[in-house]
Amino acid sequence: MSELASYAASSANSRGRRYLEAAPDYRSEFQRDRDRIVHSTAFRRLEYKTQVFVNHEGDLFRTRLTHSLEVAQIARGIARALRLNEDLVEAVSLAHDLGHTPFGHAGQDALNVCMSDYGGFEHNLQSLRIVDELEERYAAFAGLNLCFETREGIVKHCSLDMARKLGELGARFLSGQQPSLEAQICNLADEIAYNNHDIDDGLRSGLLSPDQLMSVSLFHEHFQRVQSSSPDLPGRRLIYETVRRMINALVCDLIETTQSNIARSRPETLADIRLAGKLVGFSSAMREAQHEMKRFLRENLYQHYQVLRMTKKAHRIVADLFSAFLSDPRLLPEEYRDRGDQPRRVADYVAGMTDRYAMKEHRRLFAVGEI
Ligand code: MG
């Protein structure tokens, strides 16, 4: 691997961990973070959490786990091309969705409503809470004791109110500074991954049709190119080849646009990166194409009646669980009972559930004839 750029994050310029630890013997600090994330319980739960399709709806749809792996893979490719820290982007990508509730965004929205009188619920902040406090695996500290840069990458955005409570980690939201380029990459790798895999899953599920997708210019452009170079390609391969080319076009555009942004801004250190504006991004044409994809998915997939039915059900399950546990904490496993901040502990418990565990708990609490 070629040498890192002088403004890349590294073990040498890291702001370190909350609890001082000796440097690892054979790994970089960010490799150690990545390893801690992969060994966490929250990471294994991602396998059974919804991305868009509920886990049991089909074996081949993306889950939070496969989504996170795709984000990491895209982000690493970009980081390497830009001579940035691959270990850090991998750690951030694998951790970025740890705080998601069961049932995807529907679950988060429901839990946020339940928590509205108690400080709200937001999945980025929950991811941070998991790596900072909730994982209990190490003798010397609660949480995973990750490096500042990894934690910073996990908190993509937050309200100013919340930023004030986050101390050093929230400071950049108050001062308008940027996180590392590595964190910026993970953000956009996340978008590239979900826009493309949601198109792929949408087609696989039959909720979207290739005809409908012709209104999305990026899809249309690459679909036509594939058809003219391989006219006999059968349906699924045609789609895969189109999606592959779309991902490649987005990644290449991002690398090239970012390279020229960096050349213009001429940063020398990581501190320069924080003070510069956002340097990782798409060209304006590609940004527009990406927005068009997002709009299309919102209108045609996320609002599809079959998806909305699940969304509705997810809202009910999460809200029912929350209110049952909050009104009678004796129903909770011992370790989640907390007189200090019971609503937050109920939110931790419900947010940590996988889709099927949440459904099972719901049946146990509400179905007559179940125990
Ligand atoms: Mg994500």
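The structure is a predicted model, in which local features need pLDDT of at least 70 and side-chain atom pairs count only at pLDDT 80 or more, while totals for chains, interfaces and linings use all residues. Residues are numbered from 1 along each chain as its sequence is written, and side-chain values use heavy atoms, with hydrogens and water left out.

H96 lies in the loop between α4 (86-95) and α5 (104-114), whereas D190 belongs to helix α10 (residues 181-205), so the pair ties together parts that are 94 residues apart in sequence. Helices here are DSSP runs of H or I with at least four residues, numbered from the N terminus. H96 counts as buried because its relative accessibility is 4%, and D190, at 6%, counts as buried too; the word buried stands for under 20% relative accessible area, taken with a 1.4 Å probe on protein chains only.

Helix α6 (residues 123-134) has twelve residues, yet its end C-alpha atoms are only 14 Å apart, short of the 16 Å that a straight helix would reach at 1.5 Å a residue, where the expected span is 1.5 Å times one less than the number of residues. Ten of the twelve residues of α6 are buried, among them H123, L125, L128 and I130. What covers these buried residues includes α2 (41-45), α4, α5, α7 (148-154), α8 (160-165) and α17 (342-352).

Of its 57 residues, I78, L84, L181, I185, I199 and F219 touch the most other members. Helices α3 (64-81), α4, α10, α12 (217-229), α13 (235-265), α14 (270-275) and α15 (284-302) each supply at least two residues of this core, and α13 gives the most, with ten. Leaving aside residues up to four places away in sequence, F219 touches I199, L203, P210, L213, M214, I239, T242 and M246, a contact being heavy atoms within 4.5 Å.

Key:
Buried < 20%, exposed > 50% of the residue type's maximum accessible area, 1.4 Å probe, protein only. Core = buried A, V, L, I, M, F, W, Y, C linked by side-chain atoms within 4.5 Å.
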